[in-house]
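Biologist: Could we go through this model together, starting with its strands and then turning to a single side chain?

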Amino acid sequence: MPDKRGRVEPDQPRLCSGSRSGQGPAPCAGATAPSPALCPAPARPPAAAMSAPLGLLLLLGLPGLLGGRPRYEPTWGSLDARPLPAWFDEAKFGVFIHWGVFSVPSFGSEWFWWYWQKEKREPYVKFMEANYPPGFSYEDFGPLFTSEFFDPNQWADILKASGAKYVVLTSKHHEGFTLWGSKYSWNWNAVDVGPKRDLVAELATSVRNRTDLRFGLYHSLFEWFNPLFCEDATNVFKTRKFPTSKSLPELYEIVTKYQPEIVWSDGDGNAPDTYWNSTGFLAWLYNDSPVRDTVVTNDRWGLGSMCKHGGFYTCSDRYNPGHLLPHKWENCMTIDRWSWGYRRNAKLDDYFTIEELVKQLVETVSCGGNLLMNIGPTHDGRIALIFEERLRQMGAWLKVNGEAIYGTKPWRAQNDTVTPDVWYTFRPTEGKVNAIFLNWPISGALELGEPQAKLGETQVKLVGYKEPLKWIALGEKGMVIALPQLTLKQLPCQWGWTLQLTDVK
């Protein structure tokens, strides 16, 4: 998954990086020599990937200028001023899918190749010695990524049932294997090796035909053992062979071919955005691409750009600040606590419970963020039953409480000051404050310290229950609400409930 610099885990490898002081040891030391599958011949990038004279850019953008469309310059000042398309903030909940060759060993982490070949971590080395013949390489996993049970229609139906409003698929992770038949990843892609299918195209088609979810793609800028990247890193990124012949052409390719409405970039490889020409790509994406009006991007476009530049901020993996931020952000997290890819050796308590996931969603949305919840399919194309169950459970909860999540705005208070695990959202057009409480009080009465209620005006409703609820005010601020006496079967939902408050301050 994302560049380990952003991870909450302490073990953070420095990836093929040249020294900032110029003393840098040779990068990628100890790595096995990549096979030809990882050494594509340098290819000429599309014209859009290279700099163009200003006059030509203006000419290309003339129709947009005449129509009043703003033009963005390839500078962070200009790009960061672009308004984030409204759909993203309204969506609130998406599903991340980490799928690739790492799904074949499905052991430890999606960083399997790095931990085995570069860091030589003992559990990974022993796993390979015990289960694979001597000389077995990571590239040998490629043909075993078979995906024979991959049914994109079934995946789309599960995604729809989850209540998610968008999905982000890993089109290419740090291993360099593309899930589409990329011209720039010869013999190391899902059309040439393994499934012999364009997995990106199949899922995109099913999602768009069967759901209302927005389709997005994750793309890793760097690749662990690509010799062109390692050569550039040796040169302290003063050469740019890898981005011009591999990474940038791939980005233009997936945008023009699949038209994703989320471009989720990752893996800067400790190289600055100038090395990646991130601002040049984003200017094209916002000005001239087929998704220029609706596309959203994250903040991982080069060393130092995270939580600073781009469309929405991720700041780190599993980022959940617990308070309101001034900029739109996303909490990308995993149902499996320890891995983004599928793990055959995972234990039941390694997975978040639905109660914990609902809490993550509520906290995130209350503080102005979106939740991007990750699953890892198997090498043969199945969504494991525990992932499917969690997705369907989330959908069942949202079916009742979605009005308190989708399209909401943060309220003046994010969580309650008296009762723990009560989080607020707000619907400005309707003047409704939603108080989402995660524990049903044994006393049958819920005390809220934040709302200022008005006698004879304020109304309180439990979402999914018909009758209005009785309440009393606690001075100028605060109120106690009498909850209905219901059996477990009579409750409108499980795992968390919503009170709608009207005419409160």
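## Strand pairing and a buried glutamate

Modeller: Gladly, and please keep in mind throughout that this is a predicted model.

Biologist: Which strands pair with β2, and in what sense do they run?

Modeller: Strand β1 (residues 93–97) is joined to β2 by 4 bridges, and these two strands run parallel. On the pairing with strand β3 (residues 214–220), there are 6 bridges to β2, again in the parallel sense.

Biologist: Which residue of β3 is the bridge partner of Val168?

Modeller: Val168 belongs to β2, where Phe96 stands opposite it. In β3, the bridge partner of Val168 is Gly216.

Biologist: What is the handedness of the β-α-β unit that β2 and β3 make with helix α8?

Modeller: The unit consists of β2, then helix α8 (residues 199–210), then β3. Strand β2 (residues 166–172) is itself mostly covered, with 7 of its 7 residues buried. As for the handedness of the unit, it is right-handed.

Biologist: Is Glu450 buried or exposed?

Modeller: Glu450 is found in the loop between β10 (445–448) and β11 (459–462). Its relative accessible area is 7%, and because the cut-off for burial is under 20%, Glu450 counts as buried.

Biologist: With which side chain does the side chain of Glu450 make a polar contact?

Modeller: Leaving aside residues up to four places away in sequence, Glu450 touches several residues, including Trp411, Arg412, Tyr424, Lys477 and Lys505. The polar contact, at 3.3 Å, joins the side chain of Glu450 to that of Lys477.

Note on methods: Residues are numbered from 1 along each chain as its sequence is written. This is a predicted model: local features need pLDDT of at least 70, side-chain atom pairs count only at pLDDT 80 or more; totals for chains, interfaces and linings use all residues. Side-chain values use heavy atoms; hydrogens and water are left out. Buried means under 20% relative accessible area, exposed over 50%, partly exposed in between (1.4 Å probe, protein chains only). A polar contact is a pair of N or O atoms within 3.5 Å; within protein, one must be able to donate a hydrogen and the other to accept it, and residues adjacent in sequence count only if both atoms are side-chain atoms. Contact means heavy atoms within 4.5 Å. Two strands pair if DSSP finds at least two bridges between them. A crossover is right-handed if, with the strands pointing away from the viewer, the path from the first strand over the helix to the second runs clockwise.
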